[in-house]
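Hi,

Here is the structure I promised to pass on. Have a look at it first, and my notes follow below.

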Amino acid sequence: MTVSKYIEQDLPFYHITSASNKESILKNGLHPMKCKAICTVRSDDKIVWDNIIATQLGDVEKEYVIIKLVPSKHGISVDNVAEDSIDEPTTPLHNYIADIPCIKIEESDIICDNYIAEKSPGPVPDELIENLEDYTRKPIPDDSVLCM
């Protein structure tokens, strides 16, 4: 699927963050990280979330919230979507949302509250890995910026 078709079909992106960030995000919105973009994943499958938490966020015992970002509601266009340049098993499902200084988040956008990942989730099945094609912007992060 192309990025354009993904946006046209109004398919969602998901942002995973520590539950301790919830109140601030509801009050102040979701802001870009050091790489000037918001990290997202295009899957609502728990094994994908568990793998991201275990391999990239690093604390499976911590509670997380999952925020659903819908392009039409949150002002995400084709030009805002970048692929992830880091090589990880779930990378084809990752996207960065760039050039939006703040995304207003409502309680209804939080689809999973106090989520705790499986400690050993196992690999993500190949059939869950879907690439997007025809990006209009360069991958993020680039060599000069670390998004941590």
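**What turned up**

Let me start with D113, which is partly exposed at 35% relative accessibility. Keep in mind throughout that this is a predicted model.

D113 has a partner: its side chain meets that of K22 in a salt bridge, at 2.6 Å from N to O. K22 sits in helix α2 and D113 in strand β6, so this contact ties together parts that lie 91 residues apart in sequence. K22 has 13% relative accessibility, so it counts as buried.

K22 also forms a salt bridge with E107, where the side chains come to 3.1 Å, again N to O. This pair links distant parts of the chain too: E107 belongs to the loop between β5 (94–98) and β6, while K22 is in helix α2 (residues 22–28), and 85 residues separate them. E107 is partly exposed, with a relative accessible area of 45%. Put together, K22, E107 and D113 make up a linked network of salt bridges.

How many salt bridges does a search of the whole structure find? It finds five. One more that I looked at joins the side chains of D99 and R137, at 2.7 Å from N to O. Here D99 is in the loop between β5 and β6 and R137 in the segment after β6, 38 residues apart. D99 is exposed, its relative accessible area being 58%, whereas R137 is partly exposed at 24%.

Now to the strands. Which ones does β3 pair with? Strand β1 (residues 13–18) is one of them: it runs antiparallel to β3, and six bridges join the two. If you want a spot to look at, find Y14, which stands opposite K68 in β3. Strand β6 (residues 110–115) is another partner, also antiparallel, with three bridges to β3. There, I66 stands opposite C112 in β6.

And is β3 itself mostly buried or exposed? Five of the six residues in β3 (residues 64–69) are buried, so the strand is largely enclosed by the rest of the structure.

Cheers

Key. Residues are numbered from 1 along each chain as its sequence is written. This is a predicted model: local features need pLDDT of at least 70, side-chain atom pairs count only at pLDDT 80 or more; totals for chains, interfaces and linings use all residues. Side-chain values use heavy atoms; hydrogens and water are left out. Buried means under 20% relative accessible area, exposed over 50%, partly exposed in between (1.4 Å probe, protein chains only). Helices (H or I, at least four residues) and strands (E, at least two) are DSSP runs, numbered from the N terminus. Two strands pair if DSSP finds at least two bridges between them. A salt bridge is a side-chain nitrogen of Lys or Arg within 4 Å of a carboxyl oxygen of Asp or Glu.
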